[in-house]
Amino acid sequence: MSEHQEIDAPDFAALLLATGDDALLIGSVAGETNRAAHHGNVLVRGLLEIGNRCKNNCLYCGIRSGNSDVHRYSMNSEAIVESCRQAYKLGLRTFVLQGGEWPADDAMVEHTVAEIASLMPEAAITLSLGERPREVYHRWRVAGACRYLLRHETASECHYSCLHPSSMKLSERMECLDNLKAEGYQTGCGMMVGSPGQTVETLCEDLKFIQLFKPEMIGIGPFIPHKSTPLGVFPAGSVELTLRLISIVRIMFPLANIPSTTALATLSPDGRERGLMAGANVVMPNITPVNYRGDYQLYERKASSGAESVEGLDELRNRVEAAGMKLDFSRGDFKKES
């Protein structure tokens, strides 16, 4: 199976705006593509939110530096390793260490990654810790991290300025993505659907960028506002449009690893299952210690219990199987064209 299906740029808008039978066809093709590539397997990644300290002041994010209502925390290396160890005992073989951009943690992350890689060599370590200098990405890669998630958020300069303070530059985000690929990471990009200032035109730019960048992972979830941010008065993004975009990128990238996000499950009780039916093949139950979960609120009412948590693996398994799929606890590395 080809790892990349080229779509002509003018067709992106038609796919996004399709209705009726055309819309149903997109979902059907994406579902068939997903089944052919991944055989009904849904990869399980343990999501560990290692800290909510962040130097950035993004206009949509609940842990932005300007939000004084946040109870800040940073997990230490021992706690991170122990959380991964407990998840490993439950069968998980991929850990996603996510957190705010906090340069003071760079050395700690390097040490922690090396410790996890030494104690659990069969596991894959994914990082999602924002923009860092290339030398930091290099050190983390040498320590044992093999994947990195960094949503580009938007490929439009104008739209990027709607979401971030003037001190942040889209060019720097894109340079980080290039550096991650150059350092040998399996690299993930993606965007929020329905974020303020987003249009069909900006989404077409996103799809064109993704097509050119050829990521191994693609993260797409709906925008959900947080009341303690400048963009907290805007409505949440559309679940339906999010599902459409998941289907489009699945058709574009049959072999990519695409999560059905917590944000989907937050907005819709069956959002996770709908994401899988639309073409996603990854779920990420939360393995963060319970005493920290309430403090990691990128958006409000974030789902982090039940089937969205490591404590709810049985419920997650039942719901995934009810959707005609099965959980896969393997590392789930990106497989190139065979």
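Q: So helices (H or I, at least four residues) and strands (E, at least two) are DSSP runs, numbered from the N terminus. Which helix gives the largest share of the lining of the second largest pocket?

A: Helix 9, with five residues. Before we go on, this is a predicted model, where local features need pLDDT of at least 70, side-chain atom pairs count only at pLDDT 80 or more, and totals for chains, interfaces and linings use all residues. Residues are numbered from 1 along each chain as its sequence is written, and side-chain values use heavy atoms, with hydrogens and water left out.

Q: OK, and which residues line that second largest pocket?

A: Leu16, Ala23, Leu24, Ile26, Gly27, Glu240, Leu241, Leu243, Arg244, Ser247 and Arg274. The elements giving two or more residues to this lining are helix 2 (20-38) and helix 9 (239-252). A pocket here is an open set of points on a 1 Å grid over the protein atoms alone, where a 1.4 Å probe fits, with protein on both sides within 12 Å along at least five of seven lines, and lining residues have an atom within 4 Å of a point.

Q: New topic: how many salt bridges are there?

A: The count comes to 17 salt bridges. Each has a side-chain nitrogen of Lys or Arg within 4 Å of a carboxyl oxygen of Asp or Glu.

Q: Is Arg132 buried or exposed?

A: Arg132 is buried, at a relative accessible area of 6%. Asp106 is buried too, at 10%. Buried means under 20% relative accessible area, exposed means over 50%, and partly exposed is in between (1.4 Å probe, protein chains only).

Q: Which residue does the side chain of Arg293 meet in a salt bridge?

A: Glu311, at 2.8 Å from N to O. Arg293 sits in helix 12 (residues 290-293) and Glu311 in the loop between helix 12 and helix 13, 18 residues apart, so here too distant parts of the chain are linked. Arg293 is buried, with a relative accessible area of 6%, while Glu311 counts as exposed at 52%.

Q: And what about Arg319, which partner does it have?

A: Arg319 and Glu273 meet through their side chains in a salt bridge of 2.6 Å, N to O. Arg319 belongs to helix 13 (residues 313-322) and Glu273 to helix 11 (residues 271-278), 46 residues apart. Arg319 is partly exposed at 25%, and Glu273 is buried at 12%.

Q: Which residues are linked in a network of salt bridges?

A: Arg272, Glu273, Glu308, Glu315 and Arg319.

Q: How many bridges join strand 1 and strand 9?

A: Three bridges, in the parallel sense. Strand 1 (residues 41-44) and strand 8 also pair in the parallel sense, over two bridges.

Q: What stands opposite Leu43 in strand 8?

A: Val282. In strand 9, the bridge partner of Leu43 is Asp328. As for Val44, its bridge partner in strand 8 is Val283.

Methods:
Pairing = 2+ DSSP bridges.
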